[in-house]
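Please read it alongside the sequence and coordinates.

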Amino acid sequence: MTDDGFTVTPYTVSGEIDYENVLEQFGADRLTDEQIARFPTPVHPLVRRRVFYAGRDVDRFLSAATAGERHSIVTGRGPSGAMHLGHIIPLYFAKHLQQQTNALVYLPFSDDEKYFVTDNSLEEIGAQTRENLRDLLAVGFDPDRTRIIVDTADADVIYPLAAAFAPSVTGSTFEAAYGQPKNIGHAFYPAVQAAHLLLPQLVEGRHPTLVPIGVDQDPHVRVCRDIAAKRRYDVDKPGALLSKFLPSLDGPGKMSSSSNSGTTPTIYLSDDRETVFEKIHTHAYSGGQPTVDEHRKHGGDPQADVSYQLLHSFFEADDDRLDRIEREYRNGALLSGELKEMAADAIASFLDAHQRRRRRLDSLETELRRYRLTEHEREHARRRVGHSTFKTMI
Ligand code: TRP
């Protein structure tokens, strides 16, 4: 915990987050209007509306992306449980960018990390990994431009890279970035995530990489940037695009599977329409007035209203429609119940489509084949950090 009354690290998010203050602590930059305007059009609502509000080396990435030069996106998943809306949104964002700029997308799964930092057994983590992989595949990335990596399944490439990077992360670097490690696996993990973030460049050659993630994950980017600078592997420091958290249903704060109060449900990717409506109606914190009469008279507060915030972040892409919703909610013409219906309907339709694509998937093995690193790519990455393969060693 800092003096500011909140903590943001990859392993603890608590307190009332001051997002500007986080940037000062982390040394990342606020996204500027000019940067937002440089994103390919249509600029995704998450960027346009500053849910992604900060970054590192965003300009270098945008220059490459707009000039049609090689560029990549890395965003991953820690498979610790069933996925909810907050988990999938950055993945849909990555897909949106891939469609616009033909970006390479690398999607690492840190099953090792989740084994180190949660109480789940290896079997449980394995089962979650398989479930989460199906959700990721349902997003619909271009298999020719996308690689999916699972730390323990792709250890032949991840381990040599992580081992090459690990000496660059001292105990005090770890503590400054993450606090006390829970165990030695945890203490090693930053080297693994550094391997994820540098992997596209180690496979394809030096180029700008962007890591779109929740601001809590920025310490991993920072550590990796230091490694990239120290080790002189002829790689660019990976850039980052850092987001605020989606609100949890019970109000501002991080949407999480283990919600603050412990009682507010999260919207899972597997929730059906009825469940989504029920959760929003019962639990979405309202910025409206206690009675309809008062609401008509005084209006509601969209900033405090979780349904409005969900539409704003992701689910209502149309600016004019969103403006109208905001205006009418503020002046009392739109009631809280009506706003909840709008949010629930948008979320349920999004999940319907996601679930339909998920159901149509073939077996995991068949689907994944198209997304795995080729032998050549693995070999290339290992050689770039100075490892020879077992085969060539003996
Ligand atoms: N550590 C991330 C988490 O806990 C998951 C992750 C692994 C990741 N590798 C990544 C995220 C690379 C972004 C980029 O959620």
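## Aromatic side chains

One aromatic cluster is formed by Tyr-92, Phe-314, Phe-315 and Phe-350, where rings of Phe, Tyr and Trp (its six-membered ring) pair if their centres lie within 6.5 Å, and planes under 30 degrees apart count as stacked, over 60 as edge-to-face and the rest as tilted. The model is a predicted one, in which local features need pLDDT of at least 70 and side-chain atom pairs count only at pLDDT 80 or more, whereas totals for chains, interfaces and linings use all residues. Residues are numbered from 1 along each chain as its sequence is written, and side-chain values use heavy atoms, with hydrogens and water left out.

By the ring rule, the count comes to 12 aromatic pairs. The ring centres of Tyr-159 and Phe-188 are 6.1 Å apart and their planes stand at 35°, so this pair is tilted. Because Tyr-159 lies in helix α8 (residues 155-165) and Phe-188 in helix α10, the pair ties together parts that are 29 residues apart in sequence; helices (H or I, at least four residues) and strands (E, at least two) are DSSP runs, numbered from the N terminus. Tyr-159 counts as exposed at 52% relative accessibility, while Phe-188, with a relative accessible area of 27%, is partly exposed; here buried means under 20% relative accessible area, exposed over 50%, and partly exposed in between (1.4 Å probe, protein chains only).

## Charges over rings

Arg-222 lies over the face of Phe-26, at 4.6 Å from the ring centre, and Lys-244 lies over the face of Tyr-53, at 5.4 Å from the ring centre. A charge sits over a ring if NZ of Lys or CZ of Arg is within 6 Å of the ring centre and within 35 degrees of the ring normal.

## The ligand and its shell

The ligand is surrounded by 15 residues, of which the closest are Gly-76, Glu-113, Lys-114, Gln-193 and His-196; a residue is near a molecule if one of its heavy atoms lies within 4 Å of it. A polar side-chain atom of Glu-113 lies 2.8 Å from a nitrogen atom of the ligand, and a polar side-chain atom of Lys-114 is 2.9 Å from an oxygen atom of the ligand. In the side chain of Gln-193, an N or O atom is 2.9 Å from a nitrogen atom of the ligand. Taken alone, the ligand exposes 360 Å², and the protein buries 91% of that area, with accessible areas coming from the Shrake-Rupley method with a 1.4 Å probe.

The elements that contribute two or more residues to this shell are α6 (111-117), α10 (184-204) and β8 (209-214), and the largest share, 4 residues, comes from α10. By class, the shell has 5 nonpolar, 7 polar and 3 charged residues.

## Backbone features and loops

The peptide bond from Thr-41 to Pro-42 is cis, with omega near -5°, and Pro-42 lies in the loop between α2 (33-38) and α3 (45-48). Arg-50, found in the loop between α3 and β4 (52-56), has a positive phi of about 60° although it is not a glycine, and Arg-50 is partly exposed, with a relative accessible area of 21%. Asn-102 has a positive phi of about 65°, although it is not a glycine either; this residue is placed in the loop between α5 and β6 (104-109) and is partly exposed, with a relative accessible area of 41%.

Met-83, in the loop between β5 (72-74) and α5 (85-101), counts as buried at 2% relative accessibility.

Terms used. Polar contact = N/O pair within 3.5 Å; in protein donor to acceptor, adjacent residues only side chain to side chain. Nonpolar A, V, L, I, M, F, W, Y, C, P; charged D, E, K, R; others polar.
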